[in-house]
Amino acid sequence: MSHMMDKSAENSDEDRVSLKSNGKTPSDGAVKETMGMLQTFRKSIRRAAEKSPMLSGGKGSKSTPRSDAADNESWSPPPPSPSLSAGCPMTSPMTSPIKSIAGLFQKKDEEEVDTTSQKSKGLTRSKTDPNGVRLGDSLMKKGALLRRSLKFSTKKDKDKTNRKEQLDHVSEFSGEEKKEEKEEEEEEEECGEMDETYILPELPHTPLSVMQINNLIEMEVLEEAHLNLLALRREFQQEQERCGEDSPMELAKKEKDLNLLYGHLRNKVNTIARDSNSFPSRNKGLLVPVARIIQEEERREEQPGGLTDSWMEAWREAVCEGVQLKVEGVHLEQREKNVSWLAVHLGLLGKAIVEDLEIVRKQLRWSYPPSFKVFSTYVKSYHRVVGQHLKKLEPQVTELKDLYALLDWIINRYKSERVMGSPSLQPDLKDASADLQLEDDFLKQLKEKYCCRVKETLRSLLDNIIELENKEVWSVEKAPERGDNVLISNIDMDIQTIVKGNIKSSGQIDAQLEQRVTSSCLEELKQFPKRFETEFRRHCGTLRPQTLWTEYHITYINSFTALQEHMEGYQAACPQEVEGFRKEVKWLIVRLTQDLEDQFKEDVKLCLRRMMTRKWLTNDDDFKKLHKQTEQLSRHCTLMRTPHAQEFASRLHYHVVREYVGCLMKNNYSCKNRKHEQAATKIREQWRKLRDLFAEMESTHEWLHHVGEDLSDIIIQKNKTDIKSHLQPLVEHYPDFSKKHLVAVLYFRGLIRGREHQLILQRFSQLKKSCSNSCDKSRLLFSDMEFTVNTDCFSNLPFSCLSVFLPDN
């Protein structure tokens, strides 16, 4: 028997855990000193009792009201339930041993103390007395519990007691009640941190029944339920050791009961932890026994009879479930009812996160030991839960503005002062990560979706620009506007504004997103020139009057040139995309310019064809028409942006010169009877007009100015012999001028054959040889010029063959 008692005492000792409170253990003298401060401590005890959530008639009370006890003489106080967390008596509600406190303090306060409960960290007392403990024993144990609470109070609690003593000493002065209320508020806001270590109360020798323990769990009398559950678990372990491998039916039943009770306790603990942030005033006191139960079960993890999985991990999951309930409870409107549904929801979500974490920081974390890292656990839970919540929202987010709001909230606002960077949460968050816990590639997919939506939106806007141009300009044949002395439209400014807006907005979110959006915009913009050209030709291909058609071409040459210059600013970010867009704009401008050139060529074709003929020599109508068409186009060229105006003028200059001079090569007319002087004079006169016109158009082909004068000098010579002395300038200026071209010019001059004809050709051949190395061969005018072969049989005969027919012979 003594052996069994020794063993029982040994087991009881094993269930104790050493308590460390600032490294000091208060002496009995300290307890006596505290008990001696009756006057100064009385009001403090009274206030603590009034604030206890287990106060009779209060919220969450589990004790019988004082009035009921007075009517029932057979009522007896509940058995003792030693606290798991006596280290911090200010953070956990319990039913105070009312009559014991009344006996310790003055009798005149007995009624007041009997109607209140002391606020301490002990667990809620049971209303039953399963072990039949008498009132005297109960009071003694409750007195011991009170002494233990005093003994292991924290330094902060002692400081508060000193402040209360000072308040009681000046209570005779006016304003005592206001000071007491202020002190109570300070106590609520400045609760001391719970001790990491604790003393496990002595386990009941005989545990309650399974049903009784289950009822205690259901009524949330968790400390007493857990102590009895541990006692039951101890019995199971002892019986298991005695039975060894032979497990009787009773042992299996007890193991099953343990599993059921532990499962019920686990569920209750998880429920309290889950709802603690939703109902902080109700569950704040219950968190103390919850924390101690988790600590004790983690310590006994390897012992048989308990749950196999981690209590701490289950607590974290419960916290995460509570956070999830908070997030899911944030108001979310339907997209059809509010266009800003997502922005509103994200704003409310950020506000709810901050408010909830403030509750955790100010209230809940003081009910846990430091090892739980409560605030950090809640922050991590929000990182994970909010990330999952946004993943669920993503399929509903299709509009560009909503995608922008979601990305901006994830990347910027979640870490800003509006949410995780809130000043009210600092400095607790200074070392913690403020990033959301998102699934792999979620952010990447969201950015890709945003870029695709940017392209789709830009394509739609570009199509609207074309439609608007047709509606406001083409269909009503509206003349283009002028600005800075050039024809302009709003196309380039509209497109630039749209693209710049998209890029700037994305840059406010993320630099990487800005680069990708820039690339997306330029890729989509690359397709725009061809689509615009197609619609322009469809609506304006046969537009009359011709002047308006020309102005439209010049306007869009200018607009796309300006648009290309705007896009050049993104060369560093997206060189390939900018180059691709540059090529498309270039070919559009080439095609528009070619349209103008082809139209001009068509307009002057007949005029040029009738140059250097008999009619031309006596009639100026064709040249006047040529000059008028060229002059009109010259005025239009002044409305074209550089460098396209110069390029276009130079191409027209070359075409007119080649066609005008080319008429000399067709042998359409031969000047006779000294008409060559009249023809040369007319060529020189007309050539000067054309030269001045193209110079005004700022043509870059100044080298073409010489050809008219050089040819006129050959044609105007009275003496055939003098022609040889005027060949050199023509050979030097135009190295592609050949013998066949010279023969055609001489034919027009009226010099078809004869000795002088041959001498002129010989001299030309000599000049070509001498100038072959010094001439600028890049200036080609005659090489691709059409000319008619002279079919006269004598024209190309050598001089030696023709000499026999000369008069001298």
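The expected span of a helix is 1.5 Å times one less than its number of residues, helices being DSSP runs of H or I with at least four residues, numbered from the N terminus. Helix α14 has 13 residues, 287-299, and should therefore span 18 Å; its end C-alpha atoms lie 18 Å apart, which agrees. This is a predicted model, in which local features need pLDDT of at least 70 and side-chain atom pairs count only at pLDDT 80 or more, while totals for chains, interfaces and linings use all residues. Residues are numbered from 1 along each chain as its sequence is written, and side-chain values use heavy atoms, without hydrogens and water.

Most of α14 is covered: eleven of the 13 residues are buried (under 20% relative accessible area, with a 1.4 Å probe and protein chains only; exposed is over 50%, partly exposed in between). Among the buried residues are Leu287, Pro289, Arg292 and Glu297.

Helices α19 (residues 442-474) and α21 (residues 511-525) have axes that come within 9 Å and cross at roughly 35°; axes are lines fitted to C-alpha atoms over the stretch in contact, with angles from 0 to 180 degrees between N-to-C directions. In contact (heavy atoms within 4.5 Å) are residues including Tyr450, Val454 and Leu458 of α19 and Leu513, Val517 and Cys521 of α21.

His701 sits in the loop between α28 (675-696) and α29 (705-716). Its relative accessibility is 22%, so His701 counts as partly exposed. Beyond its neighbours within four places in sequence, His701 contacts Ser650, His653 and Tyr654. Tyr654 is 47 residues from His701 along the chain, yet their C-alpha atoms are separated by 7.4 Å.

Terms used
Helices (H or I, at least four residues) and strands (E, at least two) are DSSP runs, numbered from the N terminus.
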